[in-house]
Amino acid sequence: MRGATLILLAWNQWPMTRRCLDSLLATRPYATEVVVVDNGSTDDTLAGLAAYEGRVRVVALAENLGFVRGMNAGIAAARADDDVVLLNNDLVFTQADWLERLRDAAYASPEHGVVGCRLLGPEAEGRINHVGGYIEADELRGQQVEGGPFEREVAQYTTTRRVQGIAFAVAYLRRDCLDRIGALDEAFHSYYEDTDYCLRAADAGIASVVAGAVTLRHDQHGSTQDDGGFRRRLVEASRATFAARWQARMRASQRGNVLWQGTTRSPDAHAHLARSFVRRLDARGLRMAYAPVALEEPSSEDIRLDLAARRCWPHPADAAVVCAQGGHFAQARGRRRIGIGFGDWERVPREWAESAATLDLLLVPDAFQRAAFLSAGVRVPVEVLAPGVDRDYCHPRVPAPRDPRGRYTFLAVVDELARDAPELLIEAFRAAFGADDHVVLLLLVRPGRDASAIARTLAPRRDPRVRMLAHWAYPWHQRAQLLCAADAYVSVRRGGGWDPFAAEALACGRTLVATDFGSQGALARDHGFAVAARRATDARTGLAWAEPERDALVAALRAAHTQHRTEPLAVLVERADAFARSHDVEASADQLAQRITALAGLPQRMPPPRAHRPAHLQRTPSGELVVLGMHRSGTSGVAGLLARMGVHAGPAEDLLVGPDNPKGHYESARLHMACVRRLEAAGGDWKSPPAHAVPVAVDAFRREAGGVIGQLDMQRPWLLKEPRLCLLARELLPLLTRPLFVHVVRDPRAVAASLVARDGLAPETALALWEHYTRAAFEASRGWPRVLVDYDTLLADPTGATRTLHAELVRLGVDGVALPPDEAVRAWIQPNPRSAPPMPGIALTPAQQALQAAIADRSVLDDDAASASGHARSARARAG
Amino acid sequence: MNLPEPERIAALAQRLALTPRQLLVLAARAARSDMPVSDAALARDIARLRAARDLADAAGERMLLGYARYAFDDIDNGLSLAWTDVAGLDP
């Protein structure tokens, strides 16, 4: 059985290495060998390592060869077929299951090859050191995060997601990735080799991902600090090497100059959009520059936005995007001009409409705003661009200090006194709840023009249940903490302008209470509590907006509070995640990038290279066969046939024999029980497959199944067979060496009939289970060598189908299989007397019919088609 | 004899049992009011500052930033303050 070789590179600083090693070994990593490469240390490192004899293998180099050659020495020393994990000695392993979660991410998709993790710095409060990053073409500075530097740990980026590059402080490299592109490039000594590796991997269609479920501590540069400029010289030399190889190509991939004109300060909603979109457009190959529409001290809190603000751009830019109040639209300085706007009123001011006439395209967040611009006389095309929510920062698991008394908390954010109606909210809150109600209202008054007036106006209305946080400005990346400190977000305002907190609150699993007017009206009607309002006039502009009805607000506050008491937490979280998936800012950024590209006539993005598949490698299967098929599909028959070809199914005393298959299952009892326990531990069974993989259940399964694999490995070729493996095979991939998957399929109506007869299932339930298992099985084996056996064909022509299967195994390079005599095949392949004939009355759904057709024409084996699970592959793979 | 201005400020802070930064906060709060500051209000503010010295010093630090910058502080600090009954620095 293969596993992973953990390679720890050390150069002097033995106390740091010892701390790292002790914390690593304390996690008791499974199926691993730990290799410490001593890079010519002159301190106590070698002597200290002697105490770890038997637990680690030491590769001692005579001199310091640098990071790259040192790590390559470790890779060369790794066990054949093992994955490798490169580790810096300034790590502290603070998470026990770090390796298993890295394995989950590495094998979540066939094209994943390079896996990193979240790293926190040494600061006590937990600052994000690395979550996967990128390198930009101008300054060639490798960035460790997508957002801003030194962000606090607020559970950002906790899913598995693709990135341009990872830091090789922790790098899980799959063996098929190493086979494909080799080890680190020794043109580098230290630094930039990781970005180079990730870019080379990308060229080969191999994705670099960050496992958001893993967080470790990293004292960055601990191994080369206090060195009299040594590190700086290394960085500069590597940067030059990197530039010669990649910089021209990176610049050539930029498709045009786009100027974002807006604000990073106030109004907050416009600043929010600048922070959301500038970096995402830049990441999509548009060379973004930023210019404020009014004097401001830039506050980007975002590395790419900072870079955009420093960039020069040609006059005019290929396209300009003005994201500001409508009067600024005429300032657009691009060959093509796009506005992003929204207002507080039923009809935007006339001067906004006049300014918008200079645009080629106006984008608005929703239908209300579109109507508001059109009714003001705007004649240029007006399209809806839903701003979306940032799922990496806004989700229900964001940590936040809650009210220590556990009261139900309403939150409102106030910027403008007349527009935001905080006095009305306080009055309604007092009317809605008595002294016995366990509630509190938290008002955040943001710094700005009205802040002092708001505070003065509200002061007399204060009571102990109304808390005010005044003049408080906080880092943007922490905004979801504010939302998660509350139970409900209240956006009951007179003005109808777009409020970014409304959708983000829903993504965080909070209840939304908002005026049934303006940009929040539809959101509140569809996902929260909409508060009726009557038309009113904004005294400042004379334009129509809304006056929320007090009684309706009182009722909505009470209803939100009541709902909270009755709704299970799991339902709330699932709904929040579903909302976030359907309102993803990444999809909005794709849409915006496409509109800019089309309008300005810019080149489309280069298509990505063909995705890597382990099956593409010129390495033959190792003789590890995994038989996958739904219950009652003939997997036992095919496993027995393989056994007659000489494939080892395990010790006889471990093989199951049951009344529903008296000739034997060719199925390990230990593996069977491991599968049963795995599903049970996640709250399901074979008839009710659990929706989620519970980490502790996965880990236990991997260890149990690993024991079976270890025993089988003494005699190859061997086979694993258990119908539940359709659901679980992917979890075993880290332990399998170039496996070959044998899919066994059968007419789904026959499978269903057999399940109806054996288990008393309803026919529709049986078919749904067949579909679920079959899709999961083909998805698990996607990208790996695989063959398909039709059990109905095998029954009809046992010897012919056997010859076909044998020839296929030989063609794929499986050693040690022999064609069994025809009489032995005919004696073995006979219809199971307990099998029921197909039920002609069972109707397949269109999706099931499509799956059956894909199996029949073998297109289900097409690795580059949309996955068998029926979901198109996303640019951002997510798990967890 | 009149002291030089910096020394007068330091002496005033010392007399009020405040640090110079806490004194800065006190002055800022007085300056924000539209009305003349009463002795009672001043005494109340001084007592609040003495009771929350760390918070007051932090507020003073932020006031020393350039006038065009917002003073940022972590939101969980703000929330912690909002949940306490001794939130002395709100209006």
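Reader: Two residues are in contact if their C-beta atoms, placed from the backbone, lie within 7 Å. On that rule, which residues of α4(A) meet α23(A)?

Author: A:Glu100, A:Arg101 and A:Asp104 sit on the α4(A) side. They meet A:Pro695, A:Val698, A:Asp699 and A:Arg702 of α23(A). Helices here are DSSP runs of H or I with at least four residues, strands are runs of E with at least two, and both are numbered from the N terminus. The model is predicted: local features need pLDDT of at least 70, side-chain atom pairs count only at pLDDT 80 or more, and totals for chains, interfaces and linings use all residues. Residues are numbered from 1 along each chain as its sequence is written, while chains are lettered from A and ligands numbered from 1 in the order in which they are written.

Reader: At what angle do the α4(A) and α23(A) axes cross?

Author: Roughly 90°, for α4 (residues 98–106) and α23 (residues 695–712) of chain A, whose axes come within 11 Å. Axes are lines fitted to C-alpha atoms, for helices over the stretch in contact, and angles run from 0 to 180 degrees between N-to-C directions. The two helices are therefore roughly perpendicular. That label covers 65 to 115 degrees; under 35 is roughly parallel, over 145 roughly antiparallel, and the rest oblique.

Reader: Next, α24(A). How many of its residues are buried?

Author: Eight of the eight in α24 (residues 725–732) of chain A, so the rest of the structure largely encloses this helix. Buried means 20 or more other C-beta atoms within 10 Å of a residue's own; 12 or fewer is exposed, and in between is partly exposed, with C-beta atoms placed from the backbone. Among the buried ones are A:Cys726, A:Arg730 and A:Glu731.

Reader: What covers the buried residues of α24(A)?

Author: The cover includes β27, β28, α23, α22 (669–681) and α26 (763–780) of chain A.

Reader: What sheet order do β27 and β28 belong to?

Author: An open, parallel-paired sheet of four strands in chain A, ordered β28-β27-β29-β30. Two strands pair if DSSP finds at least two bridges between them. β28 (718–721) and β30 (786–790) are at the edges with a single partner strand each, so one side of each has no neighbour in the sheet. Direction ignored, neighbouring strands are turned by 25° against each other on average.

Reader: How many bridges join β27(A) to β28(A)?

Author: Four, with β27 (residues 624–628) running parallel to its partner. A:Val627 stands opposite A:Lys721 of β28(A).

Reader: How far apart are the centres of domains 1 and 2 of chain A?

Author: Their C-alpha centres lie 40 Å apart. Bounds come from an automatic or database domain assignment, which gives 4–249 for domain 1 and 254–384 for domain 2. Eight residues of domain 1 contact six of domain 2.

Reader: Last one. How many residues of chain B are in contact with chain A?

Author: 17, against 25 residues of chain A. Helix α5 (residues 75–83) of chain B gives the largest share of chain B's side, seven residues. By class, that side has nine nonpolar, two polar and six charged residues.

Terms used
Nonpolar A, V, L, I, M, F, W, Y, C, P; charged D, E, K, R; others polar.
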